[in-house]
Amino acid sequence: MKTYSKEVQEIHRAFHTAGDELIARAKEILKDKSRSDVLKAKRLQELGFTNAQQANITEDLTKLSEGEIGIIEAEKLHYYHLRYPNNKYITLEQVKTICEKYNLLFSDICRYKGFVPERNSDEIEL
């Protein structure tokens, strides 16, 4: 079995643990806020109460921005984690952050020119 350099192992660890960090944040968010808060806020905004205190929580809870997840994303993550426990989940923002940190390029797979081991292509096909 091939041994990778410390830096490569660190990169792999960063990608493998990114999803775990998201799941932990999702569980915290779901403890603090309920979906009914979001639905009420959306209803108030639709009725025109855009400046009401309860209506202003919607943006914070529903948008995925700058590494933070909202309640809807948290619910999706929790569902995905329970339904597919062997699969990893990582956001595009996390991928970009890791790539910037290690000076990696992030692009479409069609641009890859290297060798793909048989076991890797088998895993991708599953």
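This is a predicted model: local features need pLDDT of at least 70, side-chain atom pairs count only at pLDDT 80 or more; totals for chains, interfaces and linings use all residues.
Residues are numbered from 1 along each chain as its sequence is written. Local features need pLDDT of at least 70 and side-chain atom pairs pLDDT 80 or more, while totals for chains, interfaces and linings use all residues, and side-chain values use heavy atoms, without hydrogens or water.

**Exercise 1. Fold**

Task: State which elements build the chain and what share of its residues is buried.

Solution: Start with the elements. The chain has six helices and zero strands (DSSP runs: H or I of at least four residues for helices, E of at least two for strands, numbered from the N terminus). From the N terminus, their order is α-α-α-α-α-α. Next, burial. Of 126 residues, 22% count as buried (under 20% relative accessible area; exposed is over 50%, partly exposed in between; 1.4 Å probe, protein chains only).

**Exercise 2. Two residues**

Task: Decide whether Leu77 is buried or exposed, then do likewise for Ile109.

Solution: Locate Leu77 in helix H4 (residues 71-83). Its relative accessibility is 3%, so Leu77 is buried. Gly19 is 58 residues away from Leu77 in sequence, yet the C-alpha atoms are 9.2 Å apart. Now take Ile109, in the loop between helix H5 (92-101) and helix H6 (118-125). Ile109 is exposed because its relative accessibility is 71%.

**Exercise 3. Largest pocket**

Task: Give the volume of the largest pocket and name the helix that gives the most to its lining.

Solution: A pocket is an open set of points on a 1 Å grid over the protein atoms alone, where a 1.4 Å probe fits, with protein on both sides within 12 Å along at least five of seven lines; lining residues have an atom within 4 Å of a point. The largest one holds about 1,600 Å³. Of its 26 lining residues, His12, Phe15, Tyr112, Asn120 and Ile124 are closest to the centre. Helix H1 (6-32), H5 and H6 each supply at least two lining residues. H1 gives the most, with five.

Methods. Grid points are joined across faces, edges and corners, and a volume is the space filled by probe spheres set on the points.
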